[in-house]
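Please consult the sequence and the structure alongside the text.

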Amino acid sequence: MSDEEIVPEDDQAESVAEAAEESAVAKDDDANAKADQSELDTEGDIAADYLEEFLDIVDLDGDIDTYTEGDRAHVSIVTDSQALVGKDGEVLDALQELVRLAVLTETGSRSRLILDIGGHRDKRRKELLIMAQEAVAEVELTGEPVRMPAMNPYERKIVHDAVAEAGLTSESEGVEPQRRVIVSAK
């Protein structure tokens, strides 16, 4: 008899079955990722079509760009006009909800699409990151919690992420539209 280990046929068959199952799971994960990407691309396309019609109706100029980042479709109207942004981005938020409803109507699925107009959200993100850094610095200096101004859910998420990255704790309090972030030490 040889020193090689003899593996019973049942164990060999089980090993082959396990390897095949792992391979199938990996293929499913790849297919799901491609399907997810395809769904996000579809959301972006539906939103772009809706916004092109909208811009024609309101007689405003703007180019539409779409891309995906993470698990969200992003649509941006490139324009110098701030007419569709409104005070504190209120018109932009309302238009984003209309676009999400258009996607829901077409796909039957809820969308988390992000709409930006004239770079407003990008500028606001930079402002929020500075505000979060200032709140973190104040908490680190005083040890006291800092209450930030009221923000929409998207803005609060940006602040929560920045605070977590700095190693502190944050939570939201209040009721929309006056919901705000409270930054505190761990």
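**A guided reading of the model**

On the surface, Leu98, Leu101 and Leu104 form a nonpolar patch, and together they have about 250 Å² of accessible area. Leucine 104 belongs to helix H2. Its relative accessible area is 35%, so leucine 104 is classed as partly exposed. The model is a predicted one.

The overall fold can be set out next. The protein chain contains four helices and six strands, and its elements follow the order α-β-β-α-β-α-β-α-β-β from the N terminus. Of the 186 residues in the protein chain, 30% are buried.

Classified by residue type, the lining of the largest pocket has 15 charged, six nonpolar and four polar residues.

The second largest pocket has a volume of about 460 Å³. Among the 19 residues lining the second largest pocket, Glu69, His74, Ile114, Arg125 and Tyr154 are the closest to its centre. At least two lining residues come from each of strand E1 (63-69), strand E2 (72-78), strand E3 (114-117), H3 and H4. The lining of the second largest pocket consists of ten charged, six nonpolar and three polar residues.

The charged pairs complete the picture. Side chains of opposite charge can pair when their charged atoms come close. The structure holds ten salt bridges. In one of them, lysine 126 pairs with aspartate 122, with the closest N and O atoms 3.7 Å apart. Lysine 126 and aspartate 122 are four residues apart in helix H3, and therefore about one helical turn separates them. Lysine 126 counts as exposed because its relative accessibility is 52%, whereas aspartate 122, at 41%, counts as partly exposed.

A salt bridge also joins the side chains of arginine 124 and glutamate 155, at 2.8 Å from N to O. Because arginine 124 lies in helix H3 and glutamate 155 in helix H4, this pair ties together parts that are 31 residues apart in sequence. Glutamate 155 is buried, at 10% relative accessible area.

Within helix H4, aspartate 161 and lysine 157 lie four residues apart, about one turn of the helix, and their side chains meet in a salt bridge of 2.9 Å, N to O. Aspartate 161 is partly exposed, with 40% relative accessible area, and lysine 157 also counts as partly exposed, at 47%. Finally, salt bridges with shared partners join Arg124, Glu127 and Glu155 into one network.

Terms used:
Residues numbered from 1 in each chain as written. Predicted model: local features only at pLDDT ≥ 70, side-chain atom pairs only at ≥ 80, totals over all residues. Heavy atoms only, no water. Nonpolar A, V, L, I, M, F, W, Y, C, P; charged D, E, K, R; others polar. 1 Å grid on protein atoms, 1.4 Å probe; cavity = no way out; pocket = protein on both sides within 12 Å on 5 of 7 lines; lining within 4 Å. Points joined across faces, edges and corners; volume = space filled by probe spheres on them. Patch = residues over 30% accessible without salt bridge, like charges linked within 9 Å, V, L, I, M, F, W, Y side chains within 5 Å. Areas by Shrake-Rupley, 256 points an atom, 1.4 Å probe, with all protein chains shown as cover. Salt bridge = Lys/Arg side-chain N within 4 Å of Asp/Glu carboxyl O. Buried < 20%, exposed > 50% of the residue type's maximum accessible area, 1.4 Å probe, protein only.
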